[in-house]
Amino acid sequence: MADVNMTLDMVQASQVGMKAIGAALAVGLTGVGTGVAEMGIGAAAVGASAENKDFFGLGLLFTVIPETIVIFGLVIALLLLF
Amino acid sequence: MLTAKPMSRVLIVASRDQAVPIIQELYRGNLFHIEDYVEQGREGYEGFKIGTPLEGATEASTELIKVRAIENVFAIRGEDIEAKEKLGLPQIRSQIEKDLPGIEKEVEELAGARSKLDTKVKEYEQKIAELTPFLEIPVDLALLKGFRHFSVLAGYVNRNVSLIVPHEIQVVKGKDRSFVLAIVPEKNRAEAERLLQDAQFQAVTIPEENGTAPTRTAYYTEQIAALKKDIDAINIKLAAIKESHTGLLVACEEAFRAKIEQAEAPLRFATTSKVFVAEGWVPADRTKGVSEALDKATGGKVFVTELPVDPVHDAVPVEYNNPSFAKPAQMLMDIYSRPMYTEVDPTLMLAIVFPIFFGLILGDVGYGILLLIMCFALRRVLKGDDAREFLVVLRNASISSIIFGILFSEFLGFELPWAPIIFSRHLNIGGTEAAGQGPAIAELMVLAIWIGILHITLGRAMGMINHARQDHGAHRVKAVLANLGWITVMWGILVGIWSMFALPLMPDLSKLPVVAGLSAGLVIAAILIVMGIIFIVRDAVLEIVELPTIISHVLSYARLVAVGLSSVAIAMVVNYMSIGMFIGPGLKNLSILGIVLIIVGVMVFLIGHAFNLALGILGGGLHSIRLHYVEFFTKFYKGGGRKYIPFGMKRRFTED
């Protein structure tokens, strides 16, 4: 990205910007991934707990398993930014 | 602690004429978990049949249904009612005979009358709805009916229409559609309908009324008001009955329920024509008391004995055995699953670790105090044991939140007057943060990872204990070693990482002496990992595919920091927006615009923090409990234990 005409300050600023975009992509895309994964599980879990209340705990557990994906994204974003 | 309450299996044998005192005594004791007798020819039970209910079961059931019907009318629920005084059984019995039939009749009549009036109101409202389109038509509605040579067409169209047939038309313009009332000769009706159809005509039936629409509407409105007045009068009467008889109703329900449960108990016993046998479970330390009480109640005409217990194969009912401060956490355990009789009960660990995790995530003095206030406020609203337990869990979590808030030096996203005592979570949002004092992300992450490593190691250690206790023969050793294997693989990977990289808060092994071209740390790591894998494979080869979960589960604990930081970020952004963008400029320039800016700023502040607090409770609670359920429990916990439900009742409104 570094152009011949760019000063050092500009290059540094653009690197900071790139980092920020990377962090945003990390959180955003993993969030979408988590959402897609939880969509099916959540619907099924709600259905199951409507039939049998005892399933609530297990259903919650299944539903939050893909949450890890977005947490990884968040971790990467934080490591990128700080 | 850490195991379920020890239970003994008790067998009660007596002649059938002793059934009533024995059942009464057991019910009063509220300790005997009845093992239902099933007729499937169990050894030693040949010729036994399921018993028959005691006298009075049917009558009590009918009465209970009636009482519950009244309670439904009043929307009374026993759990929600604070028990004031306990009524004695004789008093209740006399009141049931004297007052209850009268109350039942009155309530039934009033409720019936009210539902009739409600139907009438609905009917009139329907009529008003039918009349609404005709409000602008200044014609008696009776005049729109009964023609032989003309047709009356009424309905909505969504654009202007011009009927080319001979007609009389009245159009009432509406917002996005117009109401049309057209009168056409009968012979042109088909043509007119077709033309109207082109404008998406939706026909409306002409109400069967005499008089113009506005007068009829006014008439019905008046009628509804009168009916509503009647309904209000009935409601006041019902409220008076509710006021004066709630105590009696809940007491009656309890009395009838107790009676039915006792009367139906023989259905769970094994009986012959002369004797009955009841089998069940009693907490081991109470067995003696139960047996003595039964002896006393029957005058010695009962045989009570303890049977041998096989803890693994008998489905022993499980009662928690926790110190009182850990009791509320049992609710969180029950959501997952009750522990089995033989396995380690992790409630105590959950009770200690859950608030710590919550505090780490939502470490903010302001939010903690708000949550604490919310807990105490909800205590007045929410009744019932489950809600109480939940509130205690929330209270502990919010106290932990305050403590961590002091350590992190955070108050609603602002900095408290001291520097963070542990690691800083202050982000540099809007340039408010002093230079060189950014968040200690790397340290916080490593701290979270450490927590994960220790938590998972603890979980695996429990797995070893569980397998050592439950399994038999060769499998026991294999399963215990497999759990040890998981621990060594994890620590092997750690040692390997330590010998390659120098990380904050972690030991640095990269300086260890190099032996034969290999770093000592790496050699130890390799030994640990290989040994662990051998242990795991010896137990189950397919477990190999689970090896990556070692890393993913440990990294999952990073959420303790990540979710917390996101909550800090939202709080700081809210502060920056409300103060930096609205209140600050508003205060500088105190004109009308300035005051508006300040009001907007305060709104942003309040809504933003309310939103963040809601997210914080959800995030802090769900993620903390999830770390237990998914990362911790899967290492050792099976659950699926049978709940200990003693025969009897905690009497709240009545007493023997």
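How many of the 9 residues of strand β10 (residues 275–283) of chain B are buried? Select β10(B): the strand is mostly covered, with 7 of its 9 residues buried. Here a residue is buried if 20 or more other C-beta atoms lie within 10 Å of its own, exposed if 12 or fewer, and partly exposed in between, with C-beta atoms placed from the backbone. Helices (H or I, at least four residues) and strands (E, at least two) are DSSP runs, numbered from the N terminus.

The model is predicted: local features need pLDDT of at least 70, side-chain atom pairs count only at pLDDT 80 or more, and totals for chains, interfaces and linings use all residues. Residues are numbered from 1 along each chain as its sequence is written, while chains are lettered from A and ligands numbered from 1 in the order in which they are written.

**Around β10(B)**

Two strands pair if DSSP finds at least two bridges between them. Arg9(B) has Trp281(B) in β10(B) as its bridge partner. Trp281(B) also stands opposite His33(B); β2(B) is joined to β10(B) by 2 bridges, again antiparallel.

β9(B) and β10(B) form a hairpin with 3 residues between them, and Thr271(B) stands opposite Phe276(B).

**Two positive phi values**

Go to Asn30(B), in the loop between α1 (19–29) and β2 (33–34) of chain B. Its phi is near 55 degrees, a positive value in a residue other than glycine. Asn30(B) is exposed, with 12 other C-beta atoms within 10 Å.

Then select Ser409(B), in the loop between α11 (385–408) and β13 (410–411) of chain B. Phi of Ser409(B) is near 60 degrees, also positive in a residue other than glycine. Ser409(B) is buried, with 21 other C-beta atoms within 10 Å.

**An open sheet**

Select the 4 strands of the open sheet of chain B, ordered β6-β7-β5-β8 with antiparallel pairing. Its edge strands are β6 (168–172) and β8 (202–203) of chain B, each pairing on one side only. β6(B) pairs with strand β7 (residues 178–185) of chain B over 5 bridges, and Val172(B) stands opposite Phe179(B) in β7(B). Helix α5 (residues 189–198) of chain B lies across β5 (150–157) and β7 of chain B, at about 5 degrees to β5(B). Axes are lines fitted to C-alpha atoms, for helices over the stretch in contact, and angles run from 0 to 180 degrees between N-to-C directions.

**A helix pair**

Show helix α9 (residues 347–361) of chain B with helix α16 (residues 559–588) of chain B: their axes come within 7 Å and cross at roughly 45 degrees. α9(B) and α16(B) are therefore oblique to each other; angles under 35 degrees count as roughly parallel, over 145 as roughly antiparallel, 65 to 115 as roughly perpendicular and the rest as oblique. Phe357(B), Leu360(B) and Ile361(B) in α9(B) meet Leu560(B), Val563(B) and Gly564(B) in α16(B). Two residues are in contact if their C-beta atoms, placed from the backbone, lie within 7 Å.

**Between the chains**

Finally, show chain A against chain B: the contact takes 14 residues from chain A and 19 residues from chain B. On the side of chain A that touches chain B, α3(A) gives the most, with 8 residues.
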